[in-house]
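Reader: I've got a few quick questions on this one. Can you walk me through it?

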Amino acid sequence: MSRELPPTAGLPLRLTDLWPGRAPFAERVAEWLGVEQLQLECSGTAAMVVALRAMHRLRPQRDEVIVPAWTCPLVALAIHRAGLKPRLCDLAPGHFDMDYAGLCTLAGPRTLAIVPTHLAGRVADVNAALDVAHRVGAYVLEDAAQALGAQHNGRSVGLLGDAGFFSLAVGKGLTLFEGGLLLTRDPVLRDAFAASHDTTIRADLKMDWQRALELIGYTLAYRPSLLSLAYGRPLRKALAANDPVAAVGDDFGPDIPLHTVSPWRQAVGARALPRLPAFLDDTRHQALRRIERLRRIPGVTVFSDTPGTQGAWPFLLLTLPDEATRDAALGTLWTAGLGVSRLFIHVLPDYGYLRDIVTDAPLPNARDFAARSLTITNSLWLDEATFEAICLQLERSVG
């Protein structure tokens, strides 16, 4: 295939971003977001591990973390790596937010943190998590891995709860080829996060070189003419082997790298950062136009901003009427190189490698959401004619 679109809208890097140098990356992102301070980690997962370990040291009698049942498997692995236990909350019917009644039932004296998730760049209902958490004495840690640049009432996400974290992984806007940012308004937590970093994170020269090479590879290959080699061929090979988990990259091992971020990668991010606000504006305007087209398709639900919020738009998240309809659409679109994909294949208990970490439970709404959802890239490389072809295929599938 000569042209392959990515499943998410990542900010392309330029060769000039790769020049040698140093720059205060976290400080510049903090200035852009209008926040006092950000703590840089090697990934969003590492940021979560650092934050949870700090919270556990402050409240050692608590050892449970409540998360949505349908979320990235790395969330469960991060909780386990922090020495804690994940508790799974079912989703609200037809939505990615946690079910409020279920949240109230799960929270108790052992709850260390509740993790509302700004999935697909949409701003989650953090107030519901705050209401429950503060009644039982728990923290709220906002998972904003997919939502760098998103706002709630004109302020960055991550500020409404006790803390939050962003991911700088490939496809989530700005990338350092992995990277994470940890945010809190609470000076006690801020000091605890710094201390947790010092006891958790170590320099790793091998990982520095690996990430540097991967970042160079991203700079060269993240373009429609080369993504077939880096992304499309592995995707189609995994699907041909009936392995959708590998196709979406959900096949994680137990090891979570916990290392420092080299000054050079920080400098690369600092050079690319000035282009990010305009990129986010362009992708937002494109998304808002396109969700109106998708909403004209009977049975399709598209998730957009709620009043008072302005999300980020790495991709469009939508659900179809049932699993058979979703699968019919994906049967044509997933392998066509058009940036149509799935987000997470399973609810957390249904990943084989998580069965010793998470406990299965009746999760009807989360399993239903997993079965009916798909994503469409919001890459600026997806032109109007190609997007219309996707919409026509969705119409045929639901028709």
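Reader: Leu 84 first. Buried or exposed?
Author: Leu 84 is buried. This is a predicted model, and the relative accessible area of Leu 84 in it is 4%. The cut-off for buried is under 20%, so Leu 84 counts as buried.

Reader: Where is Leu 84 found?
Author: In a loop. That loop lies between α3 and β3 (85-89).

Reader: What does Leu 84 touch?
Author: Leaving out residues up to four places away in sequence, Leu 84 touches Leu 52, His 56, Arg 62, Asp 63, Val 65, Ile 79 and Leu 112.

Reader: Which residues make the contact?
Author: From α2, Thr 45, Met 48, Val 49, Leu 52 and Arg 53. From α3, Leu 74, Val 75, Ala 78, Ile 79 and Arg 81. By class, that contact has 7 nonpolar, 1 polar and 2 charged residues.

Reader: How many residues of α2 are buried?
Author: 11 of the 15. So α2 is largely enclosed by the rest of the structure. Among the buried ones are Gly 44, Met 48, Leu 52 and Met 55.

Reader: What span should α2 have, and what do its ends give?
Author: At 1.5 Å a residue, its 15 residues should span 21 Å. The end C-alpha atoms of α2 are 21 Å apart, so the two agree.

Reader: Which way do they point from β5?
Author: Tyr 139, Leu 141 and Asp 143 point one way. Val 140, Glu 142 and Ala 144 point the other way. In a regular strand, side chains alternate between the two faces of the sheet.

Reader: What joins β4 to β5?
Author: 2 bridges, with β4 (residues 111-114) and β5 running parallel. Ala 113 has Tyr 139 of β5 as its bridge partner.

Reader: Next, the sheet with β6. What is its strand order?
Author: β7-β6-β11, an open sheet of 3 strands with antiparallel pairing. β7 (155-156) and β11 (309-310) stand at the edges with a single partner strand each, so one side of each has no neighbour in the sheet.

Reader: What stands opposite His 152?
Author: Arg 155 in β7. Strand β6 (residues 151-152) is joined to β7 by 2 bridges.

Reader: Last one, the sheet with β12. What is the order there?
Author: β10-β12-β14-β13, 4 strands in an open sheet, paired antiparallel. The edge strands are β10 (301-302) and β13 (340-341). Between β12 (residues 315-319) and β14 (residues 373-377) there are 5 bridges. One of the pairs is Phe 315 with Thr 377.

Reader: Which helices lie on that sheet?
Author: Helix α11 (residues 276-294) lies across β10, β12 and β14, at about 20 degrees to β12. Helix α13 (residues 364-372) packs on the sheet too, touching β12 and β14. The direction of α13 makes about 45 degrees with that of β14.

Technical notes
Residues numbered from 1 in each chain as written. Predicted model: local features only at pLDDT ≥ 70, side-chain atom pairs only at ≥ 80, totals over all residues. Heavy atoms only, no water. Contact = heavy atoms within 4.5 Å. Nonpolar A, V, L, I, M, F, W, Y, C, P; charged D, E, K, R; others polar. Pairing = 2+ DSSP bridges. Axes fitted to C-alpha atoms, helices over the stretch in contact; angles between N-to-C directions. Buried < 20%, exposed > 50% of the residue type's maximum accessible area, 1.4 Å probe, protein only. Expected span 1.5 Å × (residues − 1).
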